[in-house]
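This briefing walks through selected local features of the model displayed below, arranged by topic. Please read it with the sequence and the coordinates side by side.

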Amino acid sequence: MTSRTRRGISLIRLLALAASAAALAATGLVSVAGPAAARPGGEPDFGPNVFVYDPSTPAPQIQAKLDEIFTRQENNEMGTDRYAVLFKPGRYDVNAKLGYYTTVAGLGQSPDDVDIHGAVRVVGQPDPTSAAGISALTNFWRSAENLSVTPTDWSNQWAVSQASPMRRVHIRGTLWLEPGNGGFSSGGYIADSKVDGVTINGSQQQWLTRDSVLGDVWTNGVWNQVFSGVVGAPEGGFPNPPYTTLPTSPVTREKPFLYVDGSGAYRVFVPALRRGTSGTTWADGRQQGSSLPIRDFFIAKPTDSARKINQELSRGRHLLLTPGVYHLDRALRVKHKDTVVLGLGMPSLAPGTGDAALRVEDVDGVRIAGVLVDAGRRESDTLVEVGDRNSHRDHSRNPISLQDVFFRIGGPWVGRAKTSLVVNSDDTIIDNIWAWRGDHGNGIGWTQNTADTGVVVNGDDVTAYGLFVEHYQKYQTIWNGERGRTIFYQSELPYDPPSQAAWTSPTGKGWASYKVGRGVRTHEAWGLGVYSYFNQGVDIRTDRAIEVPKTRDVRFHNMVTVFLNGSGGIERTINEAGTPVVGSYGTSNVVSYP
């Protein structure tokens, strides 16, 4: 009797079909590259929107897929499609142009294992409001990771604004960070990377580069450029040039990444904690950390329920989120120490019942990396909560980290949340966060996409690199924990307060962007920019951009406020220091406070 599947197809027939497909692939007439679910050889099922290639795949086939994804995603700013294109070690002659929600990454153990000859680039978009006719102001939500690029044009262009990190990338030539012709661009993030040639900053208004190597000159700057632990960084000279340069980063741990080992098996590398760092982790080929087999991960699909994902997390499995939008009827809960939650291809967590999207217990070593969080129509108190409000466990040897975690209130749909991120756990590392109450898209308006505060830090000894927090309706950031450190802060105040009465805080006109709690005794921050553009045609003022206790050990370095456009503006930069930027374009720089 012939063995059969439930659909009545002979297993022998299935084996014969598989053998035929493998034989065709070997001839080169049919490639095995494509959606992970269709790949033979026991590869993980990453779903239909992950494409894995090896050097044997014909370059035209890879290029066609890259072009297809870009065409789909070039203008798909508020869409639900998500993609990841992954390259196994080897050389590739392709030009990868990235649109929204697209990740291009190497699967080597070192960035130099994957050598892209061509480009991995982001270009500008038409912008009639810019004299240049082009800008990168809305080039969000895309990333390049763990590969090298040998540009075949004069440069590798990476014209981005928020939520578009470049990590573990080796640029073997010139890196160009603007859209061209001086078109507007509003800040980005590079970490654990190396640029052999010139880095052309161009029109980038602000930028953070952390623990990297610059082999040649970094050109110019606009308002706020921060370098932390960067070998070859320009000398600090804020405000002219607008550079803040820290020789080392106080405490770091790089983002986990997917790779294939020497036997072809998929694994996730989890980099080790480092202190007083500079340069890349991979320069000498001996990166410190641990490696996890892919079998230890639950590979989630957007069709999986929150209940199913929580069951897997409760069993002690790690979580890999494949591309897509995860509509959640309850929060995902991370309870076990050292759990890795890794997003692939910019997946979105979308709570729909008023619960959070993610709650992390106050345990050692949890790593949350590479996810978007979209508020739902029913208001959440908090979208992501890390630790217990009243717990102060010592995590200094093995902290929790959040890396490339991005929040949206409105944009794809009406969204509401009082606070986007609350960090209660001591020693947490925050590394490249963009918390955004939407100023364009769907469901946008003062009474529609409501949100009080972007980031609240209650834990002690928390370190933040790259805090981007924008357009919330009260304080953008509140820091209540002791001995906190922020290295680079970028914030636009809300565009749309309808009146001064609707936007007045307990301490005066408007709400400060960065608020340090009254009882905090020790805090330090470097490289902060706060910007105003009140666009309702009403004279809206805020008394100060940064509001802090006036005490010796609460210290701020290199701050700027800017009137961008619109009405009203900012009266002072920090407490009573700084000059007004009101009514027309202007900047106010404060080098140190107190």
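In this predicted model, strand S49, which covers residues 569-570, is joined to S50 by two bridges, and the two strands run antiparallel. Within this pairing, Ile 570 stands opposite Val 581 of S50.

**A three-stranded sheet**
- Strands S46, S49 and S50 form, in that order, an open sheet whose pairing is mixed.
- Because strand S46 (541-542) and strand S50 (581-582) each have a single partner strand, they stand at the edges, and one side of each is left without a neighbour in the sheet.

**Salt bridges**
- The whole structure contains 37 salt bridges, and one of them is formed by the side chains of Lys 255 and Glu 145, with an N to O distance of 3.1 Å.
- That pair links distant parts of the chain, since Lys 255 belongs to the loop between strand S21 (249-252) and strand S22 (257-260) while Glu 145 lies in strand S9 (residues 142-151), 110 residues apart; both Lys 255 and Glu 145 are buried.
- Arg 210 and Glu 254 meet through their side chains in a salt bridge of 2.9 Å, N to O, which connects strand S16 (residues 206-210), where Arg 210 lies, with the loop between S21 and S22, where Glu 254 is found, 44 residues apart; Arg 210 and Glu 254 are both buried.
- A salt bridge of 2.8 Å, N to O, brings together the side chains of Arg 437 and Asp 496, with Arg 437 in strand S37 (residues 429-437) and Asp 496 in the loop between strand S41 (484-492) and strand S42 (504-505), 59 residues apart.
- Arg 437 counts as buried because its relative accessibility is 1%, and Asp 496 is likewise buried, with a relative accessible area of 13%.
- Salt bridges that share partners join Glu 145, Arg 167, Arg 210, Asp 211, Glu 254, Lys 255, Arg 274, Asp 404 and Asp 431 into one network.

- Asp 362, placed in the loop between strand S32 (358-360) and strand S33 (367-374), is buried yet has no salt bridge, and the nearest side chain of opposite charge, Arg 393, is 4.1 Å away.
- The side chain of Asp 362 does make a polar contact of 2.8 Å with that of His 395, and, neighbours within four places in sequence aside, Asp 362 is in contact with residues including Gly 387, Ser 391 and Ser 425.

**Aromatic pairs**
- The count of aromatic pairs comes to 25; in one of them, Phe 46 and Tyr 266 have ring centres 5.5 Å apart and planes at 70°, so the pair is edge-to-face.
- Phe 46 lies in the loop between strand S1 (34-35) and strand S2 (50-53) and Tyr 266 in strand S23 (residues 266-271), 220 residues apart, so that distant parts of the chain are linked.
- Phe 46 counts as buried at 1% relative accessibility, as does Tyr 266 at 5%.
- Ring pairs link Tyr 100, Tyr 101, Phe 140, Trp 141, Trp 434 and Trp 436 into a cluster.

**An exposed histidine**
- His 327, in strand S28 (residues 325-328), counts as exposed because its relative accessibility is 57%.
- Apart from neighbours within four places in sequence, His 327 is in contact with Ala 350 and Trp 413.

How values were computed
Residues numbered from 1 in each chain as written. Predicted model: local features only at pLDDT ≥ 70, side-chain atom pairs only at ≥ 80, totals over all residues. Heavy atoms only, no water. Pairing = 2+ DSSP bridges. Helix = DSSP H or I, 4+ residues; strand = E, 2+ residues; numbered from the N terminus. Buried < 20%, exposed > 50% of the residue type's maximum accessible area, 1.4 Å probe, protein only. Lys, Arg positive; Asp, Glu negative; His and termini not counted. Salt bridge = Lys/Arg side-chain N within 4 Å of Asp/Glu carboxyl O. Polar contact = N/O pair within 3.5 Å; in protein donor to acceptor, adjacent residues only side chain to side chain. Contact = heavy atoms within 4.5 Å. Phe/Tyr/Trp six-rings, centres within 6.5 Å; stacked < 30°, edge-to-face > 60°.
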